Amino acid sequence: MKVPGQLELFSAPQEREKKEISLPTLHRSIRYYDGFSGEFRVVTDTAADTWVLEIEGRKTRLLFEKVPVRERELFKHLARDMLSRLNAVSVGIFIGSLLSEPKHIISAFYMSPPEFRDYWVAGFRGWTYMVALSTRTAVHSLCNLSLGFWCSHYRDYVSLLPSPKVDQYRTVRNQECFLPLSDQSLIVSYIDDLAEKLEVSRSDGAPHELDLLDLRNACLMILSHQYAFRSGQIAKIKASDVRSPNMNSLHVSVPVGKQRNSKRGRLVTRKIKSEWAIIFRSYSEMAGAVRLHENSTLGQLYFCMTPVQVSIAIGDLSEHIIGERWVATDLRHTAAQRMVDAGVSHVSLSEFMTHATTLSANVYFNASPTQAERVN
């Protein structure tokens, strides 16, 4: 029996084998975890064809009207399952990809696992990596929810499906993301000059002429360029995470990540270069009054910014200093390569980069022109 509106997805033999498959009732509201705020949020009306998710200080809209009415409820079930087990940022990306190209997961729903494997193998080379990743994630949700012909026993079966090849570290291997030494020197000189102006004004007892944004963006640049923190990590720093035991020392604790079963994930602490500590102190003094007027989430944060805002500010400042735009990820890769070239070990680099394993460090050692000399 044919399914209206889905004729393009199946051959005639498959169409004859299809069955009507009912879906369970979807809860009217669902909860999901926002790692940026550290709070659970709620989709209050799952019957609506547009869900608005609050993720990392922004609103993300899931537009289910892109899907045929017949399968619309299916995609809502998939979104609910993903929100219960995955990072909300990733869910927004995956569901957005599925809604833009829904035919693959619709095929998975109506096909048996062997049929879908044939469908996947025949077409996956023409898919982007994100389409393959989001489709595979959604099929895992079909297994979790026992929808269609799927059940939990097929999870390993789905994991073994081949994927388009992608080199996540291509820019590192090609050294496209590394700032030239001349550009790195410009950044350091800019920060040094800023710190010197603050020292001079403080010794003279006169107010400095730098505004709050100059100081804030310099702090962001230090944390990104010198300490290789991601934009998301920098944005999550709280005002209480910046401590100054004395005038010559300043420490910043940065979250490695957040977990649903704890209020805060593990923190790593970095000591700011003593010459640059005055930049953080000056920013703290000026930002104190401003922070009181921010909303409850951003008001607790040291920079009162979302990860996207941090990323944009770092890019803007690098373009101002160098004349070329470098993003926070480039600065992070450059800091890692700088340490490898200086001779650090795999373990030390992994701790510095807050990597979960030492495997990710290999790409920097392979790209280092000095490592072969050391081995020899």
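**Group meeting: a walk through one predicted chain**

Let's start inside. Seven of the eight residues of helix 4 (residues 103-110) are buried, so helix 4 is largely enclosed by the rest of the structure. Buried means under 20% relative accessible area, exposed means over 50%, and partly exposed is in between, with a 1.4 Å probe and protein chains only. Helices are DSSP runs of H or I with at least four residues, strands are runs of E with at least two, and both are numbered from the N terminus.

Which residues of helix 4 are buried? They are His104, Ile105, Ile106, Ser107, Ala108, Phe109 and Tyr110. What do they pack against? The buried residues of helix 4 pack against helix 2, helix 3 (88-100), helix 5 (113-123) and helix 6 (129-145). Contact here means heavy atoms within 4.5 Å.

Now some ground rules. This is a predicted model, where local features need pLDDT of at least 70, side-chain atom pairs count only at pLDDT 80 or more, and totals for chains, interfaces and linings use all residues. Residues are numbered from 1 along each chain as its sequence is written, and side-chain values use heavy atoms, with hydrogens and water left out.

Next, confidence. pLDDT is the predictor's confidence in each residue, from 0 to 100. The chain has a mean pLDDT of 86, and 88% of its residues reach 70 or more. Over residues 258-262 the pLDDT stays under 50, and the model has 14 contacts for them beyond four places in sequence. Residues 372-376 also have pLDDT below 50, with four contacts in the model beyond near neighbours in sequence.

Now the whole chain. The chain has 17 helices and seven strands. It has 376 residues, and 47% of them count as buried. Take contacts between residues at least 6 apart in sequence: 62% of these join residues at least 24 apart. The chain exposes about 18,800 Å², and carbon and sulfur atoms supply 52% of that area. Those areas come from the Shrake-Rupley method with a 1.4 Å probe; for residues, only the protein chains shown count as cover.

Back to helix 2, residues 69-85, which holds His77. Is His77 buried or exposed? His77 has a relative accessible area of 2%, so it is buried. Leaving out residues up to four places away in sequence, His77 touches Leu23, Pro24, Thr25, Leu26, Leu145 and Leu147.

On to the rings. Rings of Phe, Tyr and Trp (its six-membered ring) pair if their centres lie within 6.5 Å; planes under 30 degrees apart are stacked, over 60 edge-to-face, and the rest tilted. How many aromatic pairs are there by this rule? The count is twelve. Look at Trp150 and Tyr154: the ring centres are 5.8 Å apart and the planes stand at 75°, so the pair is edge-to-face. Tyr154 also pairs with Tyr157, with centres 5.7 Å apart and planes at 80°, so this pair is edge-to-face. Trp150 is buried at 4% relative accessibility. Tyr154 is partly exposed at 28%, and Tyr157 is partly exposed at 29%.

Val158 is in helix 7 (residues 155-159). Its relative accessibility is 0%, so Val158 counts as buried. Beyond its neighbours within four places in sequence, Val158 contacts Arg136, Val139, His140, Cys143 and Trp150. One of these, Cys143, is 15 residues away in sequence and 9.0 Å away in space, C-alpha to C-alpha.

Two loops to finish. Where is Asp45? Asp45 sits in the loop between strand 2 (39-43) and strand 3 (50-55). At 30% relative accessibility, Asp45 is partly exposed. Not counting residues up to four places away in sequence, Asp45 touches Arg28 and Trp51. A polar atom of the Asp45 side chain lies 3.2 Å from the backbone nitrogen of Ala47.

The other loop runs between helix 15 (346-353) and helix 16 (362-367), and Thr354 is found there. Thr354 is buried, with a relative accessible area of 9%. Setting aside residues up to four places away in sequence, Thr354 touches Arg230, Gln233, Val256, Val268, Arg270 and Arg332.

Notes. A polar contact is a pair of N or O atoms within 3.5 Å; within protein, one must be able to donate a hydrogen and the other to accept it, and residues adjacent in sequence count only if both atoms are side-chain atoms.
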